[in-house]
Amino acid sequence: MYSVDIQNGGLIKKIKGIKSSVVKNTITFDDYLQCLRKNTIISREQHNICTSTFGDPRRRGKLRLVLTTTNVT
């Protein structure tokens, strides 16, 4: 995971294994700082659309640990 705050107003946020829309819409730069400085764990729910063998799409939600100071998946 990393986050870069660019001086001209840009922000780059990346978290391995988490969908980019979840990172873009729910994680702030302050969340990164809070995780690093206070050793907190931040989790978010992300949804996946899966198709079964019968072809009907199903939506599954899974709670994922988004920001941790350790490598827990």
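**Figure 1. V66 is a buried residue of strand β4 in a predicted model.** V66 is buried because its relative accessible area is 5%; buried means under 20% relative accessible area, exposed means over 50%, and partly exposed lies in between (1.4 Å probe, protein chains only). V66 belongs to strand β4, which covers residues 57–67. Helices (H or I, at least four residues) and strands (E, at least two) are DSSP runs, numbered from the N terminus. If neighbours within four places in sequence are left aside, V66 is in contact with I15, I18, I27, I42, S43 and R44, where contact means heavy atoms within 4.5 Å. V66 and M1 are 65 residues apart along the chain, and their C-alpha atoms are separated by 9.0 Å. Residues are numbered from 1 along each chain as its sequence is written. In this predicted model, local features need pLDDT of at least 70, side-chain atom pairs count only at pLDDT 80 or more, and totals for chains, interfaces and linings use all residues, while side-chain values use heavy atoms, with hydrogens and water left out.

**Figure 2. D31 and R44 form a salt bridge.** A salt bridge is a side-chain nitrogen of Lys or Arg within 4 Å of a carboxyl oxygen of Asp or Glu. By this rule, the count comes to one salt bridge. In the pair of D31 and R44, the closest N and O atoms are 3.8 Å apart. D31 lies in helix α2 and R44 in strand β3, so the pair ties together parts that are 13 residues apart in sequence. Side chains of opposite charge can pair when their charged atoms come close. D31 is buried, with a relative accessible area of 13%, whereas R44 is partly exposed, with a relative accessible area of 24%. R44 is also among the contacts of V66.

**Figure 3. T40 lies in the loop between α2 and β3.** Helix α2 covers residues 29–38 and strand β3 covers residues 42–51. T40 counts as partly exposed because its relative accessibility is 22%. Beyond its neighbours within four places in sequence, T40 is in contact with Q34, C35, L67 and T68. The C-alpha atoms of T40 and L67 are 7.9 Å apart in space, although the two residues are 27 apart in sequence.

Figure 4. At 35% relative accessibility, Q34 counts as partly exposed. Q34 and L67 are 33 residues apart along the chain, and 9.5 Å separates their C-alpha atoms.

**Figure 5. N39 has a positive phi in the loop between α2 and β3.** The phi of N39 is about 55°, although N39 is not a glycine. Most residues other than glycine have a negative phi, and most peptide bonds are trans. N39 is exposed, with a relative accessible area of 53%.

**Figure 6. Strands β1 and β2 form an antiparallel hairpin.** Two strands pair if DSSP finds at least two bridges between them; β1 and β2 (residues 11–14) pair over four bridges. The bridge partner of S3 in β2 is K13. Five residues stand between the strands of this hairpin, in which G9 takes a positive phi near 100°.

**Figure 7. Y2, V4, I6 and I12 form a nonpolar patch on the surface.** Patches are made of residues with over 30% relative accessible area and no salt bridge, with like charges joined within 9 Å and nonpolar side chains (Val, Leu, Ile, Met, Phe, Trp, Tyr) within 5 Å. Together, the four named residues have about 320 Å² of accessible area, computed by the Shrake-Rupley method with a 1.4 Å probe; for residues, only the protein chains shown count as cover. One of the members, V4, is in strand β1 (residues 2–5). V4 is partly exposed, with a relative accessible area of 38%.

**Figure 8. The protein has two helices and four strands.** From the N terminus on, the elements run β-β-α-α-β-β. Buried residues make up 19% of the 73 residues. The mean pLDDT is 79, and 78% of the residues reach 70 or more; pLDDT is the predictor's confidence in each residue, from 0 to 100. Among the elements, β4 has the lowest mean pLDDT (70) and α2 the highest (88).
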